[in-house]
Structure formats: structure tokens, C-alpha cells
Amino acid sequence: PALIEYLLGIDYLNHFAWIVLDTSHPDHIGAAVARFVRSVDEPHEAEVAFAVSDEHHGKGLGTLLLGALGVTADEVDITTFTAEVLDENGGMRRVFDRIGAHWTRADRGVLAARMEVARARALLDPDLDAKLQAAV
């Protein structure tokens, strides 16, 4: 129950999430979700996390969601994203590399990334960026 409350406890300022639904499925099931949670100690930083269903891997949803998080974070004065990624998660590592992630070793089998929000936002087409900015 505590984990569910945490995941659903979005306040749009310190904890924000985007979700992608698969509208081709009759029940419009979730295809992916990405969120950021602002750091209490470093208010201009937020940790990002992504979940993409197996059937939707490799379709650009991680890139799209990273850009969308960039738009939202920029609007609430977050300038840096951090993340922890498993070594074997090559797909997400490549997405983060596209925006110049700085990597360090966090733990055995885990890498830590630091990225600029502005570079994440730049992943989006300007028209989509403007639409998302208007929505947030």
C-alpha cells in the first residue's frame, strides 16, 4: 500500500509522471510511464524513472518520455536529472547517452547518470514541445 500511494502521490511540482497508453488495445493498456521526483537536498535536481512494457521496447517511448519530462521539469525549475540504470539496460543507457549523460558507478551492476534537463527537452520536435508546455 505504501508503494502504491507513493507512485500515485503526484503533486505536479515535486513529483510528476507522464503515461503512454496503447490505444490500439481495446482496454487502452499502459505502454509506458516515466516520472521525476525532485531531490529534497538539491531542489534543482530530480531523479527520473521509466517503465516500458516489453512489447513496446525499441519504439522510441523512452526518448519521447525523457523529452516530455524535460518540458515539465523546465517549467518547475529543475535543471538536472539523475537516474540509476542497470548495466544490462542498453536501451535506456543509449537514450541517456543521446543527451550527454555523465556516468558513474553507483553499485555493482548499476550505473548512475546525470543529465541536463535542457538537453532532454531538446529531444522533442518544437511543435510537440509547445503542446506539452501548454499542457503543463
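Helix axes are here lines fitted to C-alpha atoms over the stretch in contact, and the angles between them run from 0 to 180 degrees between N-to-C directions. In this predicted model, helix α2 and helix α5, the latter spanning residues 126-135, pack with their axes 10 Å apart and at an angle of about 50 degrees. The crossing in which α2 passes α5 is right-handed. On the α2 side the contact is made by L64, A68, V71 and E75, and on the α5 side by L128, D129, L132 and Q133. By class, this contact of α2 with α5 comprises five nonpolar, one polar and two charged residues.

By class, the contact of α2 with α3 contains four nonpolar, two polar and one charged residues. Within α2, T63 has a relative accessible area of 16% and, because buried means under 20%, is assigned to the buried class. When its neighbours within four places in sequence are left aside, T63 is in contact with V95, R98 and L123.

The largest nonpolar core has 32 residues, of which F36, V48, L69, I78, F81, F96 and M115 touch the most other members. At least two residues of this core are supplied by each of β1 (15-21), β2 (30-38), β3 (45-52), α2 (61-75), β4 (80-86), α3 (90-98), β6 (110-116) and α4 (117-121). The largest share, seven residues, comes from α2.

L86, in strand β4, is partly exposed, with a relative accessible area of 45%. Not counting residues up to four places away in sequence, L86 touches R93, G109 and V110. In helix α4, A118 is exposed, with a relative accessible area of 55%. L86 and A118 lie 32 residues apart in sequence, and their C-alpha atoms are 24 Å apart in space. A118 and P43, by contrast, are 75 residues apart along the chain, with a C-alpha separation of 16 Å.

Two residues other than glycine have positive phi values, namely Y12, with phi near 70 degrees, and D77, with phi of about 65 degrees. Y12 is placed in the loop between α1 (2-8) and β1, and at 59% relative accessibility it counts as exposed. D77 occupies the loop between α2 and β4 and is likewise exposed, its relative accessible area being 51%.

Conventions. Residues are numbered from 1 along each chain as its sequence is written. This is a predicted model: local features need pLDDT of at least 70, side-chain atom pairs count only at pLDDT 80 or more; totals for chains, interfaces and linings use all residues. Side-chain values use heavy atoms; hydrogens and water are left out. A nonpolar core is a set of buried Ala, Val, Leu, Ile, Met, Phe, Trp, Tyr and Cys residues joined through side-chain atoms within 4.5 Å. Buried means under 20% relative accessible area, exposed over 50%, partly exposed in between (1.4 Å probe, protein chains only). Helices (H or I, at least four residues) and strands (E, at least two) are DSSP runs, numbered from the N terminus. Ala, Val, Leu, Ile, Met, Phe, Trp, Tyr, Cys and Pro count as nonpolar, Asp, Glu, Lys and Arg as charged, and the others, Gly among them, as polar. A crossing is left-handed if the near helix is turned anticlockwise from the far one by less than a right angle, and right-handed if clockwise. Contact means heavy atoms within 4.5 Å.
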